[in-house]
Amino acid sequence: MDRKIIHVDMDAFFAAVESRDNPELAGKPLIIGALPSERGVVSTCSYEARKYGVRSAMNIKEAYRRCPHGIYMHPNMQKYKAASGAIHEIWSTYTDVIEYLSLDEGYLDVTSTVNLFGGANAIAWKIKERTKQEVGLTCSVGIGYSKATAKFASEEKKPDGFFEVPDQAFFQKLVMNRKIEGLLGVGTKSSEKLHQMKIFTVRDILENQKRVIEVFGKRGRQIVEVANGIDDREVVPYYESEAKSISREHTFQQDSTDLEYIKSYLLLFAKELSLKLRAANLYGQTVTLKITYATMRGITRSETVEPTNRMEDIYHAAVKQLDRVSIQPIRLVGVGVGNFTQTREEQISFWNMDSIEKNDKKDELNKKLFKLQQKYGSEIIKTAAELEAEKKIQETILRSDA
């Protein structure tokens with residue numbers, strides 16, 4: 001059976017969500033990321049901002065130089081995750097073989113379900129319609145016989161586009177005279193090297209296949225295969241349980257030596273990681289603290305712990321490592337949990353029976369809280385420690401802005 005792959009890519013996702021929620025932003029150059037006065041980069045921007053040369057991952061100072069009249073905003077990740085969840089829910093209606101590339105992009109293998117929904121075209125159009133109606137956003141959808149051709153198709157008519165590449169002959173005819181930069185996987189360095197070889201179009205690659213492979217080796221073979229429309233990669237469903245580790249980190253706008261401020265972030269990170277572990281029914285056995293100093297020197301410190309998904313265990317392990325490192329101005333702090341297991345077995349002895357009994361009671365409470373958080377959102381219930389951490393962060397930021 002011929003494969004049918006759909007690639008969905010939301011249009012200027014973060015900016016589109018903000019414009020959806022505030023119609024006054026529609027049609028304006030909107031840049032999501034850092035503010036011009038801050039450190040940072042562009043997360044995404046509206047198509048109006050892209051006309052001025054602003055693009056994702058661009059230094060915010062350069063973005064401001066190109067578009068000083070733009071509207072600059074911090075990202076609201078909680079809002080974007082909610083929108084992403086609604087989008088992913090739509091996708092899962094049509095297949096369970098989904099490879100999530102990010103909050104707003106993914107591959108769907110609908111080969112085994114096309115007959116249930118009237119074909120790949122019908123599925124693609126339904127995704128576009130439902131995304132607009134149910135989430136209030138537009139997306140570009142491509143259909144291909146491979147991941148590479150589906151990705152190519154989704155970019156063909158952006159924004160709010162639809163395109164299909166039905167077979168290899170169609171693809172080759174379509175791209176033959178196009179620039180090599182349009183091929184999946186041909187980045188800046190590869191294109192520069194190909195240009196030095198007098199190769200500028202896909203046709204040039206196909207006419208010089210042997211030479212490309214000789215110069216680039218394995219990478220050259222991949223370039224030749226993409227130019228020929230060959231891509232056998234499978235759509236690989238991602239499950240949190242298959243990740244080797246999960247982590248959260250934050251870059252401070254101003255370098256800090258305030259331990260209580262830094263620990264406030266560690267607590268909030270620990271909550272997020274705990275929720276992720278519980279959702280995947282996993283326990284972590286390694287907690288890692290990551291620090292980048294103002295000098296850009298980075299360090300990591302890890303500790304092996306009893307298998308846990310408790311917020312307090314993750315937090316205490318991270319703080320323990322923080323208390324052991326040199327306190328110099330810190331630029332970035334992060335926490336990761338890894339070495340997963342699906343079971344939690346605590347060593348029982350006469351001396352820790354009371355402790356285990358207390359932990360069992362905590363786990364029962366945590367399970368009830370988790371069910372509420374799953375149903376109503378992670379912000380529905382907060383501990384006193386979380387509220388204090390949020391207060392500390394806000395007070396410190398306000399002082400630094402004063």
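For these notes, a salt bridge is a side-chain nitrogen of Lys or Arg within 4 Å of a carboxyl oxygen of Asp or Glu. I began with Asp323 and Lys263, which form one, with their closest N and O atoms 3.4 Å apart. This pair links distant parts of the chain, 60 residues apart: Asp323 sits in the loop between helix H13 (311-322) and S12, and Lys263 in helix H12 (residues 259-279). Helices (H or I, at least four residues) and strands (E, at least two) are DSSP runs here, numbered from the N terminus.

Ground rules, before I go on. I am looking at a predicted model, in which local features need pLDDT of at least 70 and side-chain atom pairs count only at pLDDT 80 or more, while totals for chains, interfaces and linings use all residues. Residues are numbered from 1 along each chain as its sequence is written, and side-chain values use heavy atoms, with hydrogens and water left out.

**Entry: exposure of the first pair**

I looked up how covered the two partners are. I call a residue buried under 20% relative accessible area, exposed over 50%, and partly exposed in between (1.4 Å probe, protein chains only). Lys263 is buried because its relative accessible area is 13%. Asp323 has 47%, so I put it down as partly exposed.

**Entry: the other salt bridges**

How many salt bridges does the rule give? The count comes to 21.

I picked out Lys79 and Asp21 next; their closest N and O atoms are 3.3 Å apart. Here too the pair links distant parts of the chain, with Lys79 in helix H4 (residues 77-91) and Asp21 in helix H1 (residues 13-21), 58 residues apart. Both ends come out as partly exposed: Lys79 has a relative accessible area of 24%, and Asp21 has 40%.

**Entry: the loop between H6 and S8**

Lys158 meets Asp9 in a salt bridge at 3.8 Å, N to O. The two are 149 residues apart and link distant parts of the chain: Lys158 is in the loop between helix H6 (147-156) and strand S8 (162-164), Asp9 in strand S1 (residues 5-10). Asp9 is buried at 12% relative accessible area, whereas Lys158 is partly exposed at 29%.

I stayed in this loop for the backbone. A cis peptide bond joins Lys158 and Pro159, with omega about -5°. Pro159 is in the loop between H6 and S8, and Asp160 lies in that loop as well. Asp160 is not a glycine, yet has a positive phi of about 55°. At 45% relative accessibility, Asp160 counts as partly exposed.

**Entry: strand S12**

I found a positive phi at Asn339 too, near 55°, again in a residue other than glycine. Asn339 is in strand S12 and is partly exposed, with 43% relative accessible area. The strand (residues 330-341) is mostly covered, however, with 9 of its 12 residues buried.

Which strands pair with S12? Two strands pair if DSSP finds at least two bridges between them. Strand S9 (residues 245-256) pairs with S12 in the antiparallel sense over 8 bridges, and strand S10 (residues 283-293) does so, also antiparallel, over 10 bridges. Leu332 in S12 stands opposite Thr251, and Leu332 is also the bridge partner of Thr292.

**Entry: cysteines**

Last, I searched the whole structure for disulfides, taking a pair of cysteine sulfur atoms within 2.5 Å as the test. The search finds 0. For Cys67, the nearest cysteine sulfur is that of Cys45, 8.6 Å away, and Cys67 is in no disulfide. How covered is Cys67? It is buried, at 0% relative accessibility. I noted Cys139 as buried too, with a relative accessible area of 1%.
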